[in-house]
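These are my notebook entries on one structure. I set out to look up its sheet, the helices against that sheet, and its nonpolar cores.

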Amino acid sequence: MRIVFAGTPDFARVALQRLLAAGFEVPLVLTQPDRPAGRGMKLQASAVKQCALEHGIAVQQPRSLRLDGKYPDDATAAREALLAARADAMVVAAYGLILPQWVLDLPRLGCLNIHASLLPRWRGAAPIHRAIEAGDVETGVTIMQMDAGLDTGDMLLVEKLAIAAHDTTASLHDRLAELGGRMIVEALEIAACGGLTRTPQPEQGVTYAHKIEKAESTVDWSQGAAQIGARIRAFNPFPAASTEANGETIKLWDYAVDSSSRTADAAPGQILSVSDQGVMVACGDGALRLTQLQRAGGKRLPAADFLRGFPLAAGMRLGSDPA
């Protein structure tokens with residue numbers, strides 16, 4: 001079976017590697033244009049492009065696929081490449097471009113999407129982050145037959161995955177990427193035999209996983225300890241939860257919830273105690289012990305090492321406005 005693959009980040013790279021390992025023929029890969037990255041802001045190829053080039057696969061990087069849009073030359077070149085690929089199906093994983101109808105209609109088996117949630121919950125750009133942030137106890141992968149809507153297509157395969165209490169977006173991402181890679185191979189093997197069954201998504205339970213904005217990273221200490229902790233895990237590795245301390249922005253990477261340490265007269269954001277085990281901070285409900293922190297331009301450090309270079313004391317307030 002001939003497969004065109006469309007994807008950009010590491011989540012998609014895992015799926016492409018699994019397809020190649022399973023013996024599918026991939027004559028063409030679509031991915032986002034190279035972007036500036038790193039301290040030198042040099043142009044860097046996406047994880048999917050790097051994988052494709054390692055395997056000698058042709059790569060197209062259109063800025064848009066709309067033939068009547070802002071970049072018609074890009075779309076026309078991509079269309080010619082897609083027609084030449086003569087694909088049976090297109091597999092899409094975290095690609096980052098909207099597919100117009102002409103793309104959806106081109107492959108014989110249509111376009112199959114690997115989506116990292118249990119649809120219709122968490123349609124949209126950031127399903128892993130939002131599931132952790134919301135305190136969900138499970139998520140999963142849905143292989144979906146794409147249509148013109150935003151993650152609204154019929155479900156083909158669904159598999160659940162538990163969210164552990166210590167999961168961050170980074171750790172959950174890796175497990176979901178492996179699951180998605182296995183499931184798309186399974187879906188295509190079933191499709192080759194004509195055995196895939198399409199199930200419309202339920203009308204109830206629709207939620208949207210809006211794109212993560214850097215401005216969301218600032219901790220609101222008036223929230224409960226469990227809610228703040230979930231945001232710390234959800235924003236690891238990006239954009240990283242943060243707070244103000246001594247006029248500096250400090251990133252927060254790990255924590256423990258301690259409901260017993262909250263005192264009635266402590267203001268949210270007030271430091272209750274400081275030790276090598278962590279910085280205990282009062283929240284709107286309960287308290288958090290911050291156990292891994294980072295200064296701007298520095299490294300992530302255990303609390304004991306962090307405090308040697310950045311002293312904090314009980315009674316201090318964390319936050320942008322520690323009144």
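In which sense do strand 2 and strand 5 pair, and over how many bridges? I worked from a predicted model. I found that strand 2, residues 25-30, pairs with strand 5 in the parallel sense over three bridges. Within strand 5, Q60 stands opposite L30.

I looked up the strand order next and noted an open sheet of seven strands, 5-2-1-6-7-9-10, with mixed pairing. Strand 5 (58-60) and strand 10 (155-162) each have a single partner strand and stand at the edges, so one side of each is left without a neighbour in the sheet. On average, neighbouring strands of this sheet are turned by 20 degrees against each other, direction ignored.

Entry on the helices. I recorded helix 2 (residues 47-54) as lying across strand 1 (2-7), strand 2 and strand 5; helix 2 runs at about 155 degrees to strand 5. Helix 6 (residues 169-192) lies across strands that include strand 7 (111-115), strand 9 (138-145) and strand 10, and runs at about 150 degrees to strand 10.

Entry on the cores. I noted 45 residues in the largest nonpolar core, where F5, L19, I114, I143, I184 and L188 have the most contacts inside it. Helix 6 supplies the largest share of this core, nine residues. Apart from this core I found another, of 23 residues, including A241, L252, V281 and L290.

Entry on I143. Leaving aside neighbours within four places in sequence, I listed the contacts of I143; among them are I114, L156, M183, I184 and A187.

Key. Residues are numbered from 1 along each chain as its sequence is written. This is a predicted model: local features need pLDDT of at least 70, side-chain atom pairs count only at pLDDT 80 or more; totals for chains, interfaces and linings use all residues. Side-chain values use heavy atoms; hydrogens and water are left out. Two strands pair if DSSP finds at least two bridges between them. Helices (H or I, at least four residues) and strands (E, at least two) are DSSP runs, numbered from the N terminus. Axes are lines fitted to C-alpha atoms, for helices over the stretch in contact, and angles run from 0 to 180 degrees between N-to-C directions. Contact means heavy atoms within 4.5 Å. A nonpolar core is a set of buried Ala, Val, Leu, Ile, Met, Phe, Trp, Tyr and Cys residues joined through side-chain atoms within 4.5 Å. Buried means under 20% relative accessible area, exposed over 50%, partly exposed in between (1.4 Å probe, protein chains only).
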